[in-house]
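Please keep the sequence and the coordinates at hand while reading.

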2 protein chains.
Amino acid sequence: MSIKHFDQIPATSIPTGEGVSRKMLIGPDEGPNFAMRAFKIEAGGSMPMHTNDVEHQQYVLGGRAKVVIGGETHEVSKGDVVFIPALVPHNYEPIGDEPFEFICVVPNLPDETKLVK
Amino acid sequence: MSIKHFDQIPATSIPTGEGVSRKMLIGPDEGPNFAMRAFKIEAGGSMPMHTNDVEHQQYVLGGRAKVVIGGETHEVSKGDVVFIPALVPHNYEPIGDEPFEFICVVPNLPDETKLVK
């Protein structure tokens with residue numbers, strides 16, 4: 001078992017995006033079936049349109065963003081719960097001056113982030 | 001894909017505990033590998049010592065609680081990330097006047113909550 005505080009977990013820059021970083025809250029080394037991560041996208045940053053080979057289960061911790069999922073545009077903010085099935089194109093663009101932060105849980109299965117033009 | 005707001009998801013009482021309710025944020029009908037739930041334990045309530053057949057990956061949304069996991073007592077609050085392996089006895093007892101709220105992700109595998117005396 002483990003207990004860690006969010007603020008003590010190191011963040012890693014994600015070069016696929018602009019101003020995007022990730023914290024591995026509970027990694028595949030610890031969880032046998034899935035991993036809990038947290039992403040932060042700075043104001044003015046973005047994560048471009050891409051697909052993953054695995055589904056995402058997300059909970060928005062703070063900030064606001066325009067997200068396009070499967071060709072539909074939505075605005076999400078704190079408390080929104082988002083399910084993105086495997087292989088569905090999606091992107092993120094923060095709105096306003098605050099960073100956009102969300103939890104994102106993925107299964108421990110092979111995954112590749114593929115940019116969509 | 002789906003987007004829902006936390007406040008719009010109905011809560012179900014969990015009779016194993018006192019003052020415990022659960023929201024199914026993303027259920028096994030939607031997620032192929034795991035389910036994202038949120039639990040709320042009212043001030044003065046508790047969830048008694050029990051085991052589950054599956055692991056828990058948790059993120060504390062608010063409030064404070066005394067939790068005993070595998071015989072060790074901890075205090076947790078907003079931003080704490082908790083991993084409880086399968087079959088490890090655990091309980092929850094809120095501290096103070098606020099409800100204790102946390103996200104809890106579990107795999108889509110058979111599970112039984114067994115009380116520990």
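What percentage of the 117 residues in chain A is made up of buried residues? The model is a predicted one, and in it buried residues make up 36% of chain A.

**Overall form of chain A**

Chain A has 11 strands and zero helices, so that its pattern along the sequence reads β-β-β-β-β-β-β-β-β-β-β. The C-alpha trace of this chain spans about 40 × 30 × 25 Å along its principal axes. A compact globule with 117 residues would have a radius of gyration near 13 Å, and the 14 Å of chain A agrees with that expectation. Among the contacts in chain A with a separation of 6 or more, 67% are accounted for by residues 24 or more positions apart.

**Strand β8 and its partners**

Strand β8 of chain A, residues 80-84, has five of its five residues buried, and it is therefore largely enclosed by the rest of the structure. Both of its faces are covered, with D80(A), V82(A) and I84(A) buried on one side and V81(A) and F83(A) buried on the other. Within its own chain, β8(A) is joined by four bridges to strand β5 (residues 56-62), the two running antiparallel, and in this pairing V82(A) is the bridge partner of Q58(A). Across to the other chain, β8(A) pairs with β1(B) over four bridges, again in the antiparallel sense, and here H5(B) is the bridge partner of D80(A).

In chain B, β5(B) is mostly covered, since five of its seven residues are buried. This strand is joined to β8(B) by four bridges and to β10(B) by five bridges, in an antiparallel arrangement with β8(B) and likewise with β10(B). Y59(B) has V81(B) as its bridge partner in β8(B), whereas Q57(B) stands opposite V105(B) in β10(B).

| Strand pair | Bridges | Sense |
|---|---|---|
| β5(A) and β8(A) | four bridges | antiparallel |
| β8(A) and β1(B) | four bridges | antiparallel |
| β5(B) and β8(B) | four bridges | antiparallel |
| β5(B) and β10(B) | five bridges | antiparallel |

**How the two chains meet**

Chain B is superposed on chain A by a rotation of 180° with 0.0 Å of shift along the axis, at an RMSD of 0.0 Å. That is the relation of a two-fold axis. The contact takes 33 residues from chain B and 33 residues from chain A. On the side of chain B that touches chain A, the elements that give two or more residues are β1 (2-5), β3 (18-26), β4 (34-51), β5 (56-62), β7 (72-77), β8 (80-84) and β10 (100-107) of chain B. The largest share of that side, five residues, comes from β8(B), and the residues of the side divide into 20 nonpolar, eight polar and five charged. Because 100% of the interface residues of chain B are also interface residues in chain A, the copies meet through the same surface.

**The nonpolar core**

Which residues touch the most other members of the largest nonpolar core? Of the 54 residues in this core, they are M36(A), Y59(A), V105(A), M36(B), Y59(B) and V105(B). Neighbours within four places in sequence being left aside, Y59(A) is in contact with V81(A), F102(A) and I103(A) of its own chain and with L25(B), M36(B) and I103(B) of the other.

Most residues other than glycine have a negative phi. L87(A), however, has a positive phi near 75°, and its place is in the loop between β8 and β9 (90-95) of chain A. L87(A) counts as exposed because it has 12 C-beta neighbours inside 10 Å. In chain B, L87(B) has a positive phi near 70° and is found in the loop between β8 and β9 (90-95) of that chain; with 12 other C-beta atoms within 10 Å, L87(B) is exposed.

How values were computed. Residues are numbered from 1 along each chain as its sequence is written. Chains are lettered from A and ligands numbered from 1 in the order in which they are written. This is a predicted model: local features need pLDDT of at least 70, side-chain atom pairs count only at pLDDT 80 or more; totals for chains, interfaces and linings use all residues. Copies are superposed by least squares on the C-alpha atoms of residues with pLDDT of at least 70 in both. Two residues are in contact if their C-beta atoms, placed from the backbone, lie within 7 Å. Ala, Val, Leu, Ile, Met, Phe, Trp, Tyr, Cys and Pro count as nonpolar, Asp, Glu, Lys and Arg as charged, and the others, Gly among them, as polar. A nonpolar core is a set of buried Ala, Val, Leu, Ile, Met, Phe, Trp, Tyr and Cys residues joined through C-beta atoms within 7 Å. A residue is buried if 20 or more other C-beta atoms lie within 10 Å of its own, exposed if 12 or fewer, and partly exposed in between; C-beta atoms are placed from the backbone. The radius of gyration is taken over C-alpha atoms; the globule rule is 2.2 Å times the number of residues to the power 0.38. Two strands pair if DSSP finds at least two bridges between them.
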